[in-house]
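Please look over the model below.

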Amino acid sequence: MIKYTQQFINGEWTDSANNKTIEVINPATEEVFATVAAGNSEDVDKAVAAAHSVYLKFRNTPVKERREMLERIADEYEKRKDDLIETITNELGSPLSVSENSHYNAGLNHFRTAAETLDTFEFEEQRDDALIVKESIGVAGLITPWNFPTNQTALKLSAAFAAGSPVVLKPSEETPVTACILAEIFQAAGVPKGVFNLVNGDGDNVGTPLSEHPDVRMMSFTGSGRAGKSIMEKAAADFKKVALELGGKSPLIVLDDADLDDAAASAVNRVVRNTGQVCTAGTRTLVPAELKDKFLKKLKEKISTVNVGDPRAEGIEVGPLISKKQFDRVQSYIQKGQEEGATLYHGGTGKPEGLDTGYFVKPTIFTDVDNSMTIAQEEIFGPVMSVITYNDLDEAIRIANDTVYGLAGYVVGKNKEKLQYVARSIEAGTISINDCGGPSNLPFGGYKQSGIGREWGDYGIEEFLEVKSIKGYFS
């Protein structure tokens, strides 16, 4: 049993204000594998006070020192590789290979990239006799989600550290152990006291007082639209800056000249990755009506080979969902899809055969989906795909944009002009053509109800900065 029954405040493990704890469940076994402290507003007050006491000093540290600190963090992070992979698999349920390749590596990459970005980031600019200065906004409150406990957390932390902002972190209470390991990494890397503070707990007792605290000048949140709206409302009381990365209902548009084998593989990967618990998941697959039957045959071939099971077993690609609550949520959407008239083409309700213990679900495909259906409009956060047909490219783009979200979009095909036209036409913050990757400093964020602001690289650092003009500086 792993126990972290203290909060990390002002560079030290400190007793929480009460003796309450949170049990962390392994979603593959349904058993408790760890307990962490359950904080409250008193813990938040202590953590914010620690961060506030050092924010001016940390703001004014030379950029070179912050870069060196980020490199030390990355070095220490690498030393804890096995611990991080093991913990991510335990608390999230992702297969060991996924925990390494998608989770551990992403966190490492963010710390390295932030350090490299500082080499070219301009914090000062001269215009005539005036100086423009970009300086740390001050204490930042970070609230991170359970689906990517290293990726999203490292992303926010690395940007804040690069900008010179001390932080108070509240990770998800469903995947908090990874954050505790990060605290140990920062301690080993010599992060100055007060720069990083960790308060574990739930939204009501930790997230709300953090969002309302007068000495917190910015809130950075990744999670649901409902929680994001609540944070905005609370932050508005004293006009905090807010950066939000929220949900998505991303389209994957298959063009009429696409290689159907490649397109089907892309569609399946986009919906089963991380057990579908991905805000950028391509859960709406749009295919030309005349190619529907051929494409569905390819889809079934691809999805039938996806191995669901024990995340510690060899060859497993998809583990369980995070919790019983999430399992029930996904089941209800699969049921709703059938009730609203969509055709269940593959998968369905219930657990895969032989997986009675753990929150495992069947990767599911619906066909004959109208974009107005619930399964096509609401974020399910599970491996459930809606296949929607279109008659021409303009209709495909209209369907793709017929959503309150705008986080990501995908297009697969061969004609370069068509690919570029569709990519420009989708109303979303991140578009991928033919599964192309890209440099790790590209901006990431959403349109519409998918959020406010951007993360990654220089755009991510900008979120933690204020801009000051000093007239006559060079007179």
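R270 touches L252, A281, G282, Y410, S432 and D435, leaving out residues up to four places away in sequence. Contact here means heavy atoms within 4.5 Å. R270 lies in helix α9, residues 260-272. Its relative accessible area is 17%, so R270 counts as buried. Buried means under 20% relative accessible area, exposed means over 50%, and partly exposed lies in between (1.4 Å probe, protein chains only).

This is a predicted model: local features need pLDDT of at least 70, side-chain atom pairs count only at pLDDT 80 or more, and totals for chains, interfaces and linings use all residues. Residues are numbered from 1 along each chain as its sequence is written, and side-chain values use heavy atoms, without hydrogens and water.

S432, in β19, is the bridge partner of Y410. Strand β18 (residues 408-412) runs parallel to β19, and the two pair over four bridges. Strands pair if DSSP finds at least two bridges between them. Helices (H or I, at least four residues) and strands (E, at least two) are DSSP runs, numbered from the N terminus.

Where do these strands sit in the sheet order? The order is β15-β16-β17-β14-β13-β18-β19, an open sheet of seven strands with mixed pairing. Its edge strands are β15 (343-346) and β19 (430-433), and each pairs on one side only. On average, neighbouring strands are turned by 25° against each other, direction ignored.

Two helices pack on this sheet. Their angles compare N-to-C directions, from 0 to 180 degrees, using axes fitted as lines to C-alpha atoms, for helices over the stretch in contact.

| Helix | Strands touched | Direction angle |
|---|---|---|
| α10 (residues 292-303) | β13 (251-254), β14 (284-288), β15, β16 (364-367), β17 (384-390) | about 50° with β15 |
| α13 (residues 393-401) | β13, β14, β17 | about 145° with β17 |

Now the backbone. Most residues other than glycine have a negative phi. Which value does N274 have? Phi of N274 is near 55°, a positive value in a residue other than glycine. N274 is found in the loop between α9 and β14. N274 is buried, at a relative accessible area of 6%.

F381 also has a positive phi, near 60°, and is not a glycine. F381 is found in the loop between α12 (374-377) and β17. At 15% relative accessibility, F381 is buried.
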